[in-house]
Amino acid sequence: MLGMTASRDATGLHVTFSFAEPTPAAVFERMQALWMVVDTTEPIDTDVLRKVAPDLISEVQHWQSGGATILRASLKRPLLADAEMGRA
């Protein structure tokens with residue numbers, strides 16, 4: 001299962017995926033939902049989002065389409081999405 005962690009601080013909610021190599025991904029907010037599309041079919045445990053941000057996220061869904069995994073987090077209020085590529 002793919003490692004995903006989530007944490008919060010004064011600047012917001014931070015979600016980190018642990019990939020062994022650079023992996024294409026997209027993050028965006030649309031219609032009061034945070035969408036994350038990741039170029040992997042490896043299973044992702046999304047429970048961490050519900051646990052870390054119950055005041056921000058009401059529901060998390062995920063499914064696979066082609067070679068990608070799509071995560072949709074329903075937001076309780078609009079938020080600004082941001083993404084950055086890091087290195088371990």
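1. Leaving out residues up to four places away in sequence, His62 touches Ile44, Thr46, Ile70 and Leu71, where contact denotes heavy atoms within 4.5 Å. The residue belongs to strand β5, residues 57-65; strands (E, at least two residues) and helices (H or I, at least four) are DSSP runs, numbered from the N terminus. His62 is partly exposed, at a relative accessible area of 40%; the classes are buried under 20%, exposed over 50% and partly exposed in between, with a 1.4 Å probe and protein chains only. Between the C-alpha atoms of His62 and Ala73 the distance is 8.6 Å, for a separation of 11 residues in sequence.

2. The model is predicted, so local features need pLDDT of at least 70 and side-chain atom pairs count only at pLDDT 80 or more, whereas totals for chains, interfaces and linings use all residues. Residues are numbered from 1 along each chain as its sequence is written, and side-chain values use heavy atoms, with hydrogens and water left out.

3. An open sheet is formed by 4 strands in the order β3-β4-β6-β5, with antiparallel pairing; two strands pair if DSSP finds at least two bridges between them. Because β3 (25-29) and β5 stand at the edges with a single partner strand each, one side of each has no neighbour in the sheet. From one strand to the next, the twist averages 10°, with axes taken as lines fitted to C-alpha atoms and angles running from 0 to 180 degrees between N-to-C directions. The antiparallel strands β5 and β6 are joined by 8 bridges, and Ser65 stands opposite Ala68 in β6.

4. The largest nonpolar core contains 15 residues, and Met4, Leu49 and Ile57 have the most contacts inside it. Such a core is a set of buried Ala, Val, Leu, Ile, Met, Phe, Trp, Tyr and Cys residues joined through side-chain atoms within 4.5 Å. At least two residues of this core come from each of β1 (3-9), β4 (33-38), α1 (47-52), β5 and β6 (68-75); the largest share, 3 residues, is that of β6. Beyond its neighbours within four places in sequence, Met4 has contacts that include Val15, Phe17, Ile44, Leu49 and Leu71.

5. Two residues deserve a check of backbone geometry. Met31, in the loop between β3 and β4, has a positive phi of about 50° although it is not a glycine. Gln32, found in the loop between β3 and β4, likewise has a positive phi, of about 55°, without being a glycine. Most residues other than glycine have a negative phi. Met31 is exposed, with a relative accessible area of 70%, while Gln32 is partly exposed, at 34%.
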